[in-house]
Amino acid sequence: GFVPIFESIIVPYFGKLLLAEGTNDTRARLAAVEIYDDMVEYCGSAAAAKFSPSLVQGIMQGIDDSTNGGDRDLKRASVYGIAQIARYAPNSTLSSVAFQILPNLMSIVTDAESAEEEENTYLVEITVSALASMFLFNDAPYGTFDGVDKSSLLKKFLQVLPICQDYDEAKVCHDKLCDLIESGAVSMTAEAPALMRID
């Protein structure tokens with residue numbers, strides 16, 4: 001399998017590049033985050049459990065403008081990593097930082113929407129996907145956490161749908177929306193205007 005190769009060849013070099021302390025080259029950090037994102041997403045639960053704690057350190061710096069060097073691609077890759085960790089890694093992986101991540105992600109959505117730049121569309125879409133994956137979907141690892149305004153998250157999630165920029169994220173989000181409707185977590189009556197707008 002790929003995991004031993006990743007561990008013996010990739011981790012010694014790219015692992016240190018996840019953090020600003022390892023390099024001041026944000027493009028190298030981007031490459032490291034993207035490689036770890038893919039490892040968590042595609043290489044199975046054991047790999048996700050093993051490598052996601054290192055990725056968490058990188059994404060926490062990647063979503064923070066004071067530590068990401070203003071690199072928008074690094075921010076996007078970090079947000080994408082949050083969604084993958086929420087879906088594939090053990091629930092404990094993000095538990096110590098979940099409530100630190102929440103306001104950061106909400107701020108990303110608010111700032112990107114207020115800028116009204118087309119290039120922000122992808123960032124907004126993957127950010128609401130990450131939020132929903134952490135807190136909103138039926139299988140969200142932190143869906144029962146106190147202090148999360150799920151009503152506000154749901155409205156933001158529905159407002160951004162349909163996801164158009166990333167096919168894989170679109171499939172996940174639209175499938176999970178159907179699950180939310182079937183489980184009664186989303187009321188077709190109360191949310192009819194938002195649901196009718198999704199085509």
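Modeller: Let us begin with a helix. Helices are DSSP runs of H or I with at least four residues, numbered from the N terminus. Helix α4 (residues 72-88) has 17 residues and spans 24 Å from its first C-alpha to its last, close to the 24 Å expected at 1.5 Å a residue; the expected span is 1.5 Å times one less than the number of residues. This is a predicted model, in which local features need pLDDT of at least 70 and side-chain atom pairs count only at pLDDT 80 or more, while totals for chains, interfaces and linings use all residues. Residues are numbered from 1 along each chain as its sequence is written, and side-chain values use heavy atoms, with hydrogens and water left out.

Colleague: How many residues of α4 are buried?

Modeller: Buried means under 20% relative accessible area, exposed over 50%, and partly exposed in between (1.4 Å probe, protein chains only). In α4, 13 of the 17 residues are buried, so the helix is largely enclosed by the rest of the structure.

Colleague: Which residue caps the N-terminal end of α4?

Modeller: Asp-71 does, with a side-chain oxygen 3.0 Å from the backbone nitrogen of Asp-73. Asp-71 and Asp-73 also belong to a network of salt bridges with Arg-27 and Arg-76.

Colleague: What counts as a salt bridge?

Modeller: The term denotes a side-chain nitrogen of Lys or Arg within 4 Å of a carboxyl oxygen of Asp or Glu. The structure holds 9 salt bridges. In one of them, the closest N and O atoms of Lys-50 and Glu-7 are 2.8 Å apart. Lys-50 lies in helix α3 (residues 45-62) and Glu-7 in helix α1, so this pair ties together parts that are 43 residues apart in sequence.

Colleague: Which side chain meets Arg-87 in a salt bridge?

Modeller: Glu-169 does, at 2.8 Å from N to O. The pair links distant parts of the chain, with Glu-169 in helix α8 (residues 167-183) and Arg-87 in helix α4, 82 residues apart. Glu-169 is buried at 2% relative accessibility, whereas Arg-87 is partly exposed at 23%.

Colleague: Is Ile-9 buried or exposed?

Modeller: Ile-9, in helix α1 (residues 2-14), counts as exposed at 54% relative accessibility. Together with Phe-2 and Ile-5, Ile-9 forms a nonpolar surface patch with about 290 Å² of accessible area. Patch residues have over 30% relative accessible area and no salt bridge; like charges are joined within 9 Å and nonpolar side chains (Val, Leu, Ile, Met, Phe, Trp, Tyr) within 5 Å. Accessible areas come from the Shrake-Rupley method with a 1.4 Å probe; for residues, only the protein chains shown count as cover.

Terms used:
Helices (H or I, at least four residues) and strands (E, at least two) are DSSP runs, numbered from the N terminus. A polar contact is a pair of N or O atoms within 3.5 Å; within protein, one must be able to donate a hydrogen and the other to accept it, and residues adjacent in sequence count only if both atoms are side-chain atoms.
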